Amino acid sequence: MTAEVKGWCPGAHRPMASGDGLVVRVRPFRACLTDQQALALCALAEEFGNGMLDLTSRANVQIRGVAADRHQDLLRALWDIDLLDADPQTEGRRNILMPPDWVSGDQTYRLHDALAKAIPDFPDLPEKMGYAVDTGRSPCLSDASADLRFERDGDGHLMLRLDGAAKGWRIDERNAMSAVKDALLWFNATGGKSAGRMARHLRQVSLPDKWQSCTPRAVTKPLAPGRDNDATTFGVPFGNIPARDLIRLIQAARLTELRLLPHRLIRVATTVPDIAPFITAPDHPLLRIHACPGAPFCPQATVETRDLAMRLAGSVGGTLHVSGCAKGCARPGKADVTLTGRSGRFDLIRDGTPWDPPAAAGLLPHDLPDLIGTA
Ligand code: SF4
């Protein structure tokens, strides 16, 4: 296993260099951690990293602050707890979102495993391309980042939909992987690689009619913190969990498994009491705030982000995104108020993304509390 430090999509095999060391991204199989894996991951975060686990918007977990000369030891430890692909290329392409309610052997489980097995044989794709297996009891992944989506139509039939298209087409489970492969070959043949993602590509190229014959079920209950059906979904500010707090939660609630969900959420199949810093209130103001690690942790950042975001939390009624630079890692989409770091100051963007034209520029932190309500 060879460490290679490059790119902006870190994996375990290919970590990203950051201001505080390597960022090692772990992609748990089927977006699930057993209690033993989660406890071991906490111990690894304390031994090799900064003692924190970062949840990502695509349901992965990161250990950051890893010294380059300890990366190989960390890989071996991840391998020992079954949290590492043997092959770095497969790992980098295994971006598969899962709903929280799959059970061993059901169709969602089978589709995941077929997809994970087929990915090495799929054509070469842009690095961020991913899949959602949204075939659980009710749909819940349509607002999460994925390019090809297994879904169900109103009659419960399995279908495939390309992200950005309103409709998809019915498929059989037996031909599901060949349907995905056909769609990916079409994506590449029609110039999709230059667009980078499926939805962007479909803004420029017409999708064949044969792939737009049925409508997926509508989402009635988006993923959010809370308790229902004897399960608890929780978030943490910025998706950043002190390992010792996760250990405490697992032990206090006697958890046996954690399901990782998009939007930096975790679901457990039991009713868990409130334990700080885990948030179970769906309208909690800290869950409307997004901030990347910023300076000094990321070399692209010229501004500090998270302390500022916490200070400004009460000043913004809607969503607030404080981004260390225009890349927008913490929230690659619109927020009601976005502050983008640039040359040690901030641009302020209303109802936009970190890379949109600002309403005001060159701002210092002390300018912001008054401005963000009025700009
Ligand atoms: S948004 Fe910019 S500063 Fe923040 S983590 Fe991403 S690259 Fe670094």
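## Terms and basis

Buried means under 20% relative accessible area, exposed over 50%, and partly exposed in between, with a 1.4 Å probe and protein chains only. This is a predicted model, in which local features need pLDDT of at least 70 and side-chain atom pairs count only at pLDDT 80 or more, while totals for chains, interfaces and linings use all residues. Residues are numbered from 1 along each chain as its sequence is written, and side-chain values use heavy atoms, with hydrogens and water left out.

## Aspartate 85

Aspartate 85 has a relative accessible area of 8% and is therefore buried. It belongs to the loop that links helix H2 (71-80) to helix H3 (88-93); helices (H or I, at least four residues) and strands (E, at least two) are DSSP runs, numbered from the N terminus.

The side chain of aspartate 85 makes a polar contact of 2.8 Å with that of arginine 94. A polar contact is a pair of N or O atoms within 3.5 Å; within protein, one must be able to donate a hydrogen and the other to accept it, and residues adjacent in sequence count only if both atoms are side-chain atoms. Leaving aside residues up to four places away in sequence, aspartate 85 is in contact (heavy atoms within 4.5 Å) with His13, Phe29, Trp79, Thr90, Glu91 and Arg94.

## The five-strand sheet

Five strands form an open sheet in the order E1-E2-E5-E4-E13, with antiparallel pairing. Strand E1 (16-18) and strand E13 (240-242) are the edges; each has a single partner strand, so one side of each lacks a neighbour in the sheet. On average, neighbouring strands of this sheet are turned by 30° against each other, direction ignored.

Two strands pair if DSSP finds at least two bridges between them. E1 and strand E2 (residues 21-26) have three bridges in the antiparallel sense, and alanine 17 is opposite leucine 22 in E2.

Helix H2 lies across E2 and E5, at about 15° to E2. Axes are lines fitted to C-alpha atoms, for helices over the stretch in contact, and angles run from 0 to 180 degrees between N-to-C directions.

## The E18-E19 hairpin

Strand E18 (residues 335-342) pairs with strand E19 (residues 345-352) in the antiparallel sense over seven bridges. Threonine 340 has aspartate 347 in E19 as its bridge partner. Two residues separate the strands of this hairpin, and serine 343 in the turn has a positive phi of about 50°.
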